[in-house]
Amino acid sequence: TPLSAAFIGPHAEPKNVEVPAALGALVALGSSLPAQASYNWVGPLTGSEICNTKPIVWLIYPLCDPVFLVSPIYLFPITLIVFGSLITVLNL
C-alpha cells in the first residue's frame, strides 16, 4: 500500500563485511609479531623466583618479561587497568 511505503525505506543491499573485519584482525595480530620475534630485553625481575610462582606472576608478568609492554595485544589489559583505576579515582 502507498501508506506503508512512506514509512518503510528501501532494503539496502548486504555488503561484504567479512573481508574488512578479517583484515583488521590480521593487522592487530600482525603488529604483535615483531615484538615477540626479536627482543632481548630483560625485565627487573627476570630470572627471579617470584617469576616462577604462578598466582603472583600473573599480576607482575610485565616485570618478568617486557614483551608485554610493547605488544599491543598484551598491553591492552594493562592499559585497561591503569585507565580504569585512574577514572575510578577521579570519580571519587
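Is P72 buried, exposed or partly exposed? I looked this up in a predicted model, and at 41% relative accessibility P72 counts as partly exposed, because that value falls between the cut-offs of 20% for buried and 50% for exposed.

I then placed P72 in the chain and found that this residue belongs to helix α6.

Next I turned to helix α2, which covers residues 18-30.

I went on to the largest pocket, which holds about 250 Å³ of space. Two elements, α4 (54-64) and α6 (72-91), each give two or more residues to its lining, and α6 supplies the largest share, with five residues. I listed the lining as W58, L59, Y61, P62, F68, Y74, P77, I78, I81 and V82. By class, I recorded 10 nonpolar residues in this lining, with no polar and no charged ones.

Last, I checked the confidence of the prediction, and found a mean pLDDT of 78 for the chain, with 78% of its residues at 70 or more. Among the elements, α6 has the highest mean pLDDT, 86, whereas helix α3 (residues 33-37) has the lowest, 59.

Notes: Residues are numbered from 1 along each chain as its sequence is written. This is a predicted model: local features need pLDDT of at least 70, side-chain atom pairs count only at pLDDT 80 or more; totals for chains, interfaces and linings use all residues. Side-chain values use heavy atoms; hydrogens and water are left out. Helices (H or I, at least four residues) and strands (E, at least two) are DSSP runs, numbered from the N terminus. The expected span of a helix is 1.5 Å times one less than its number of residues. On a 1 Å grid over the protein atoms alone, a cavity is a set of points where a 1.4 Å probe fits but cannot get out, and a pocket is an open set with protein on both sides within 12 Å along at least five of seven lines; lining residues have an atom within 4 Å of a point. Grid points are joined across faces, edges and corners, and a volume is the space filled by probe spheres set on the points. Ala, Val, Leu, Ile, Met, Phe, Trp, Tyr, Cys and Pro count as nonpolar, Asp, Glu, Lys and Arg as charged, and the others, Gly among them, as polar. pLDDT is the predictor's confidence in each residue, from 0 to 100. Buried means under 20% relative accessible area, exposed over 50%, partly exposed in between (1.4 Å probe, protein chains only).
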